[in-house]
Amino acid sequence: MTDKKPRILFMGTPAFAVPSLDLLVEKGWPVIGVVTQPDRPKGRGQRLVASAVREAAERHGLAVYQPEKVRAPEFLEVFRGLAPDMVVLVAFGQILPKDIIDGPPLGCINVHPSLLPRYRGAAPINWALIRGETMTGVTIIRMDEGVDSGDILLQEETPIEPGETYDHLHDRLAVLGAQCLLRALEGLEAGTVRRTPQDHSLATLAPRLRKEDGIIRWDTPAREIAHFVAGLSSVPGAFTYLDGKVLKVFAAEAEDAAPVPEPPGTVVGVTPKGLQVAAGGGYVYLKDVQLESKKRMPIADFLRGFRFVPGKRLGS
């Protein structure tokens, strides 16, 4: 890089990307515009809602572009007109075409919330928790045409705290990602950052999760259920059924035990650790729940208004 800071086009959409945009602006990096997903209908009224990044961009007074498809010829014409020196992409939500990846002279830089090459894909934070990882982190890469397969510029680890859920880890990694992005840009500017190719043979995938993927299978090991709940809390959400209604579970704790005499899904009782439910190879204690059409609440509050009959089964 030269002494002059590169003109950056920022591409991002959800709340995860906001700390990175905020920090770039705060530290005086020249952001020439922001590309984000179009406003989407949301809620019962299907009112159009702006992305978190659009709201942040407007707070900073930045120009906003919302193409339905970034590979459309009309947007590529806009992109060429902007002529950024570099693209910074954080959870944008669309795959970039070669015209954009190869367009800026300083390339496209991506903030990815995993220790690449592990957990490439759309849901790396969820899957790291679901798999029971004890360490995760953030990787800054120079993008290529593959999925999260570009050369590593910088990587930082962080432990996953016991009982940590997706929401908490998401927020931590968003801040860590912004800090790592800034360090990578400063390193590129100073010429101290080198590109390190990923070992593609070690790559694992983190595919997008849908709402229907969140159903709890009570015959799986208790510890796996607790990891599953943590990895989906609160997006897209883990759930079971209680008397035919959806019961969302936001936090749970596991206890290994063998054998378990009760059938999987059986409510065993109320304990200081939570509502005890039989699972495969142990028990799961529900700690934070929301019954369909009710508010989310700690299990102690929930149980004040709901009396379980011994032997009641969850999941059907």
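**Close-up views of a predicted model**

**View A. Arg195 is partly exposed, at 47% relative accessibility.** The model is predicted: local features need pLDDT of at least 70, side-chain atom pairs count only at pLDDT 80 or more, and totals for chains, interfaces and linings use all residues. Residues are numbered from 1 along each chain as its sequence is written, and side-chain values use heavy atoms, without hydrogens or water.

Arg195 pairs with Asp151 in a salt bridge, with 3.2 Å between the closest N and O atoms. Asp151 belongs to strand 9 (residues 151-159), while Arg195 is in the loop between helix 6 (166-190) and helix 7 (222-231), so the pair ties together parts 44 residues apart in sequence. A salt bridge here is a side-chain nitrogen of Lys or Arg within 4 Å of a carboxyl oxygen of Asp or Glu. Helices (H or I, at least four residues) and strands (E, at least two) are DSSP runs, numbered from the N terminus.

**View B. Asp288 and Arg296 form a salt bridge, with 2.8 Å between the closest N and O atoms.** Asp288 is buried, at 16% relative accessible area. Arg296 is partly exposed, at 41%. Shared partners also link Glu253, Glu255, Lys273 and Lys287 into one salt-bridge network. Elsewhere, the side chains of Arg210 and Glu212 meet in a salt bridge at 3.8 Å, N to O. The structure holds 20 salt bridges. Side chains of opposite charge can pair when their charged atoms come close.

**View C. The charged end of Arg296 sits over the ring of Phe250.** The distance to the ring centre is 3.9 Å. Arg296 is also the salt-bridge partner of Asp288. Lys273 lies over the face of Tyr285, 4.3 Å from the ring centre. The criterion: NZ of Lys or CZ of Arg within 6 Å of the ring centre and within 35 degrees of the ring normal.

**View D. Phe302, Phe306 and Phe308 form one aromatic cluster.** The structure holds three aromatic pairs. Phe302 and Phe306 are stacked, at 5.6 Å centre to centre and 15 degrees between the planes. Phe306 and Phe308 are tilted, at 4.9 Å and 50 degrees. Rings of Phe, Tyr and Trp (its six-membered ring) pair if their centres lie within 6.5 Å; planes under 30 degrees apart are stacked, over 60 edge-to-face and the rest tilted. Phe302 is buried, at 7% relative accessible area. Phe308 is buried too, at 14%.

View E. A search of the whole structure finds zero disulfides. Cys108 is in none; its nearest cysteine sulfur, in Cys180, is 19 Å away. A disulfide needs two cysteine sulfur atoms within 2.5 Å. Cys108 is buried, at 0% relative accessible area. Cys180 is likewise buried, at 0%.

**View F. The largest pocket has a volume of about 1700 Å³.** Of its 47 lining residues, the closest to the centre are Pro14, Ala91, Gly93, Ala122 and Arg208. Strand 3 (40-42), strand 7 (108-112), helix 5 (124-130) and helix 6 each supply at least two lining residues. On a 1 Å grid over the protein atoms alone, a pocket is an open set of points where a 1.4 Å probe fits, with protein on both sides within 12 Å along at least five of seven lines; lining residues have an atom within 4 Å of a point. Points are joined across faces, edges and corners, and the volume is the space filled by probe spheres set on them.

**View G. A cis peptide bond joins Leu116 and Pro117, with omega about 15 degrees.** Pro117 is in the loop between strand 7 and helix 5. Tyr119 is found in that loop between strand 7 and helix 5 as well. Tyr119 has a positive phi of about 60 degrees although it is not a glycine. Tyr119 is buried, at 6% relative accessibility. Most residues other than glycine have a negative phi, and most peptide bonds are trans. The peptide bond from Ala258 to Pro259 is also cis, with omega near -5 degrees. Pro259 is in the loop between strand 11 (245-256) and strand 12 (267-271).

**View H. Asp148 is in the loop between strand 8 and strand 9.** Its phi is positive, near 55 degrees. Asp148 is buried, at 14% relative accessibility. Gly150 is in the loop between strand 8 (135-142) and strand 9. Gly150 is buried, at 1%.

Terms used:
Buried means under 20% relative accessible area, exposed over 50%, partly exposed in between (1.4 Å probe, protein chains only).
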